[in-house]
Amino acid sequence: MISTELIETAGYEIMKKAAIDIPEDYLDGIKATQKQEQNTLSGYVIKTMIDNYEAATEDRRPMCADTGLPRYYVKIGDNAPLRGGFTGIERALRSATARATADVPLRPNRVHPLWRTEHNNNVGINAPEIEWSFEPDVDWVDVTTVHKGGLFGTDYRMLFPGDGIDGIKRFFLDTMISFGKRGLCCQPAIVGIGIGGSKDTCMQLGKQAACLRSVGEPNPDLKIAELEQELMEMGNNIGMGPMGFVGSSMVVDCHIEVGYTHTGGMPVSVHTFCLSSRRATARLHADGSIEYRTDPKWFTPYMRRETVEWTS
Amino acid sequence: MDELKGDRQVSEELKEVNLQLPAIPEAIAALKPGNIVFLSGFVYTAREGVYDRILNDGGELPAGLTELSNVNFHCSPAASPQEDGSYAVGGVTATASFRFSKYMAQWLDLTQTKIVIGKGGMSKLDYETVFAPRGAIYLTTVGYGTGALLGRGVKGVKDVHWIDELGIAQAMWLFEVDKFGPFIVDSDLDGNSLFAQQGDLVNQNVEALYDGLKKPTLHRYGETDDRKDELM
């Protein structure tokens with residue numbers, strides 16, 4: 001049985017894990033960029049960040065004091081034995097957010113957008129966001145939390161079919177250069193790019209591409225995987241490193257996700273998941289056990305299904 | 001400042017400096033863009049909430065602040081009130097400073113602050129016209145997410161002001177710190193800026209990156225400040 005109590009336990013644990021422990025895949029990616037980095041200042045910044053990950057894990061304190069906007073991605077198996085309903089899950093994750101904010105402690109970031117009032121617990125109207133997805137033929141529930149900063153490093157542009165891959169490269173460079181200056185997007189980052197869909201799904205896909213795929217995991221479409229590689233190299237050849245210093249460390253990995261779009265358009269969004277890429281996932285099994293990991297495994301073949309029918 | 005205890009050359013190009021707070025003018029004058037700095041003493045946080053309260057709404061500075069600390073950190077800590085009335089400080093990270101540019105001249109005059117710490121620096125013009133003439137410099141945090149390392153350097157919360165009115169993120173925190181850092185010197189007393197220098201170097205290569213890429217189908221909002229321009 002997967003009860004709302006179990007969801008709350010898992011939600012609370014992943015809030016802590018995400019805030020404190022850098023995911024192994026991202027750390028490996030950072031160390032790979034560190035090896036390439038020739039510039040002294042940029043190299044010093046990366047070394048300091050690695051020291052910071054170690055200090056966070058040793059002291060059990062958040063790696064970054066900006067909690068970002070903590071949020072959840074929930075994937076529910078068709079056969080998962082839920083108890084407490086879907087609103088029960090939403091209530092449990094709100095409660096987990098509030099408790100983790102007080103206990104870790106996390107900085108309460110969430111305020112009313114107009115009145116700037118807050119509850120000091122990262123909970124409010126439409127906060128934390130919970131995105132839902134489903135998976136055929138399984139009986140588990142995956143809950144992932146992502147803590148991503150929210151001010152800089154994301155942009156959206158409506159391109160057109162005639163703009164082609166060049167247009168995507170142009171927009172990618174514009175975004176990386178403008179948000180890379182002074183390190184506003186806290187690079188080196190995992191860059192997520194959403195291509196297609198409607199405007200809102202384009203944003204959503206890019207955000208999920210940045211936050212919900214492991215470093216080193218290419219898109220299964222080989223031509224898209226090639227473009228990911230090309231854009232990553234392009235980003236690292238801008239001549240910029242962390243904090244906008246001269247260097248070669250901008251992009252730890254580039255992830256592209258696509259959605260079928262309007263025949264006349266090619267919307268593109270670019271998102272940067274920062275030097276404190278915080279994510280953690282819990283799998284809740286039907287027997288009530290919980291497994292923790294750092295790879296969200298969000299983009300399943302079912303998620304990327306092409307047509308009416310699918311094979312799981 | 002080789003006579004300052006604990007200074008060392010980290011590498012051929014990077015020099016590390018330990019600064020005792022409140023910082024004395026000679027120590028500040030010796031700092032150059034790109035130096036690595038650690039601080040010991042007292043540091044206070046203030047950002048738009050505090051600035052508005054004091055500079056625009058007629059609030060008063062806490063008694064004794066200017067004597068105790070001349071370092072303003074643009075920061076919101078991850079802190080949580082404990083049952084005994086104290087505060088647990090987890091991580092400490094800076095917030096982007098350029099948003100506070102309009103407050104700085106008045107604030108530096110009022111508080112006699114000589115070191116401002118934050119994320120991403122201010123404009124070179126601010127350094128030349130506001131900071132340097134007042135004997136003040138800017139230190140940037142590293143990375144920018146060194147919340148755990150900076151959290152380690154916070155030895156305690158000496159005081160917190162307006163937490164009920166402004167909330168945890170915007171309140172004024174007075175931290176006692178020891179070997180608090182690392183920070184990188186952005187501006188010096190000549191108005192030089194590390195970010196500006198590095199940005200200029202990066203800019204030299206930027207145009208070439210677009211060589212061979214075809215022109216966009218449409219212009220876009222944001223590429224122009226002229227509201228009469230068409231998208232076509």
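Predicted model: local features only at pLDDT ≥ 70, side-chain atom pairs only at ≥ 80, totals over all residues.
The side chain of B:Asp188 meets that of B:Lys32 in a salt bridge, at 3.6 Å from N to O. Because B:Asp188 lies in the loop between β10 and α8 of chain B, and B:Lys32 in the loop between α1 (25-30) and β3 (36-45) of chain B, the pair ties together parts that are 156 residues apart in sequence.

B:Lys32, which is partly exposed with a relative accessible area of 35%, also forms a salt bridge with B:Asp190, where the closest N and O atoms are 3.9 Å apart. B:Asp190 belongs to the loop between β10 and α8 of chain B, and this pair links parts of the chain 158 residues apart.

## A salt bridge within chain A

Over all chains, the structure holds 25 salt bridges. One of them joins the side chains of A:Arg110 and A:Glu129, at 2.5 Å from N to O. Both residues lie in the loop between α4 (85-103) and β4 (130-135) of chain A, 19 residues apart. A:Arg110 counts as buried, at 13% relative accessibility, while A:Glu129 is partly exposed, with a relative accessible area of 25%.

## The interface of chains A and B

The contact between the chains takes 60 residues from chain B and 54 residues from chain A. About 4,700 Å² is buried between them, and carbon and sulfur atoms give 63% of this area. On the side of chain B, B:Arg152, B:Tyr210 and B:Leu213 supply 12% of the area that the chain buries against chain A, more than any other three residues.

Side chains of opposite charge can pair when their charged atoms come close. Across this interface, 2 salt bridges are found, and B:Arg152 meets A:Asp59 in a salt bridge at 2.7 Å, N to O. B:Arg152 and A:Asp59 are also linked with A:Glu58 and A:Arg61 in a network of salt bridges. Among the elements that give two or more residues to the side of chain B that touches chain A are α6 (147-153), β10 (172-187) and α8 (194-209), and α8(B) gives the most, with 9 residues. By class, that side has 30 nonpolar, 22 polar and 8 charged residues.

Technical notes:
Residues numbered from 1 in each chain as written. Chains lettered and ligands numbered in written order. Heavy atoms only, no water. Contact = heavy atoms within 4.5 Å. Buried area = accessible area lost by both parts, 1.4 Å probe. Salt bridge = Lys/Arg side-chain N within 4 Å of Asp/Glu carboxyl O. Helix = DSSP H or I, 4+ residues; strand = E, 2+ residues; numbered from the N terminus. Nonpolar A, V, L, I, M, F, W, Y, C, P; charged D, E, K, R; others polar. Buried < 20%, exposed > 50% of the residue type's maximum accessible area, 1.4 Å probe, protein only.
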